[in-house]
Amino acid sequence: MDRRYFVKTIGAAAVLPYISAFAPPQKSFIDKLLPAPIGGGFSMKDYWVWCGSVIKGEDKRYHMFASRWPKYLTMSPHWLLNSEIVRASSDKPEGPYKFEEVVFEKRDRKYFDGLVTHNPAIRKHGDTYLLYYLGVTYEGQIPDKSYQERDWSPRCDEIYHNKRIGLATSKSIFGPWERKDNPILLPREDNWDRIMTTNPAPCVMPDGSVYLVYKSRTVMKNGVFHLGLAHAKHFNGPYERLKDQPLFDLNVEDPFLWYQDKKFHIIMKDMSGKITGENHAGVYATSKDCLNWSLAKPPKAYSRTVLWDNGTTTHQGAFERPHLLMENHKPTHLFAATGDGPGGFWNSKNTWNMVTPLKL
């Protein structure tokens with residue numbers, strides 16, 4: 001039946017439920033995902049690889065900043081004790097990416113990032129590259145082949161409290177990088193984010209100001225993760241909270257924040273599965289002011305069940321630290337740290353950064 005005749009015959013008010021039934025369901029971020037290329041992304045045979053963030057360099061090639069630590073150490077907890085940030089490159093966004101260099105060497109323990117760098121997030125404003133990251137320092141022996149932390153020891157709990165967000169800048173994707181001697185955002189005593197600041201998700205605006213989403217928690221044991229929001233008028237800071245309380249009353253982490261079509265967008269990991277129906281799947285939400293957010297309907301942004309470009313499907317042991325490649329202010333590819341499994345990254349034998357092209 002012609003819809004115009006139907007509306008005219010029984011009245012617009014009466015037909016509204018029928019029109020909504022005919023309308024297609026609202027699409028969420030997950031509908032943009034295309035099959036992931038086998039052999040794409042970045043892996044290293046003798047290293048655990050995590051946290052891939054990609055940008056196009058001044059050479060018109062694609063550069064991934066990632067975390068790695070040697071496989072003679074266990075995957076966890078050594079991301080917290082032995083991680084370093086490296087750069088890899090590729091002629092195309094899907095990769096495969098080839099290792100190029102270690103970006104940050106260890107430095108004196110007195111610095112907040114003296115022994116560990118992790119969670120890179122690469123951005124650019126004007127002619128300056130901005131590399132946000134997690135830095136850690138600690139006392140005691142640095143684990144090596146002869147000595148390892150094999151469990152989440154009391155020492156690891158102490159180190160966990162030392163997680164801080166840093167920023168390094170460079171005029172070239174090849175460096176050199178100027179690291180700040182102090183973190184750009186500290187925890188707050190007697191507040192929900194008193195333990196740490198980590199998982200930086202910066203959104204650099206055209207005027208050079210930055211909205212920075214970060215992760216923290218109130219208690220170490222059995223505490224949920226929450227996301228907070230800070231802002232700086234210039235990327236050099238200072239960074240100040242825009243909201244005293246968490247952005248969401250949700251157990252989420254691993255945010256990626258961007259601005260597109262006059263609104264903010266965020267994807268993040270559903271820690272419990274209560275939002276998306278799948279443990280560690282992705283959540284997608286939007287906001288006009290970066291303070292008041294609406295979950296998409298449906299809210300799922302990505303799944304640990306991955307369709308590959310050879311037609312096979314796997315359920316990954318992990319799918320974390322999502323990052324988007326932005327070109328012309330639009331996302332073109334989703335990168336994620338992944339591992340074989342099952343049972344999460346604790347049981348992975350291999351980890352790497354995979355890539356999923358997006359429908360444009």
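How many bridges join S1 to S2, and in which sense do the two strands run? Eight bridges join them, and the strands run antiparallel.

## Model and confidence

The structure is a predicted model. The protein chain has an average pLDDT of 91, and 91% of the residues score at least 70. Residues 1-25 have a pLDDT below 50; beyond near neighbours in sequence, this stretch makes 10 contacts in the model.

## Strand S2 and its partners

S1 and S2 form a hairpin with five residues between them. In the turn, Lys60 has a positive phi of about 70°. Within the pairing of these strands, Ile55 has His63 of S2 as its bridge partner.

S2 also pairs with strand S3 (residues 84-90), in the antiparallel sense and over seven bridges. Here Ala66 stands opposite Val86 in S3. Nine of the nine residues of S2 are buried, so the strand is largely enclosed by the rest of the structure. Both of its faces are covered. Tyr62, Met64, Ala66, Arg68 and Pro70 are buried on one side, and His63, Phe65, Ser67 and Trp69 are buried on the other.

## Ser67

Ser67 is part of strand S2 (residues 62-70). Its relative accessibility is 0%, and therefore Ser67 counts as buried. The side chain of Ser67 makes a polar contact of 3.3 Å with the side chain of His118. A polar atom of the Ser67 side chain also lies 3.3 Å from the backbone nitrogen of Asn119.

Leaving aside neighbours within four places in sequence, Ser67 is in contact with Trp48, Val49, Trp50, Cys51, Ser83, Glu84, His118, Asn119 and Pro120.

## Val102

Val102 lies in strand S4 (residues 98-102). Val102 and Phe65 are separated by 37 residues in sequence and by 9.5 Å in space, C-alpha to C-alpha. With neighbours within four places in sequence left aside, the contacts of Val102 are Arg68, Glu84, Ile85 and Val86.

## Nonpolar cores

The largest nonpolar core has 22 residues, of which Trp50, Leu80, Val136 and Tyr138 touch the most other members. Strand S1 (47-56), strand S6 (128-136) and helix H4 (154-160) are the elements that give two or more residues to this core. A second, separate core has 19 residues, including Ala201, Tyr211, Leu229 and Ile275.

## Arg188

Is Arg188 buried or exposed? Its relative accessible area is 16%, and because the cut-off for burial is under 20%, Arg188 counts as buried. The residue sits in the loop between strand S8 (178-179) and strand S9 (198-204).

The Arg188 side chain makes a polar contact of 3.0 Å with the side chain of Asp193. A polar atom of the Arg188 side chain lies 2.9 Å from the backbone oxygen of Asp244. Beyond neighbours within four places in sequence, Arg188 is in contact with Asp193, Arg194, Tyr214, Arg241, Lys243 and Asp244.

## The S13-S16 sheet

Four strands form an open sheet with antiparallel pairing, in the order S13-S14-S15-S16. Strand S13 (252-260) and strand S16 (293-300) are the edge strands, each pairing on one side only. On average, neighbouring strands of this sheet are turned by 25° against each other, direction ignored.

Strand S15 (residues 282-287) is joined to S16 by four bridges, and the two run antiparallel. Thr286 stands opposite Ser294 in S16.

Methods:
Residues numbered from 1 in each chain as written. Predicted model: local features only at pLDDT ≥ 70, side-chain atom pairs only at ≥ 80, totals over all residues. Heavy atoms only, no water. Buried < 20%, exposed > 50% of the residue type's maximum accessible area, 1.4 Å probe, protein only. Polar contact = N/O pair within 3.5 Å; in protein donor to acceptor, adjacent residues only side chain to side chain. Contact = heavy atoms within 4.5 Å. pLDDT = per-residue confidence, 0-100. Pairing = 2+ DSSP bridges. Axes fitted to C-alpha atoms, helices over the stretch in contact; angles between N-to-C directions. Core = buried A, V, L, I, M, F, W, Y, C linked by side-chain atoms within 4.5 Å.
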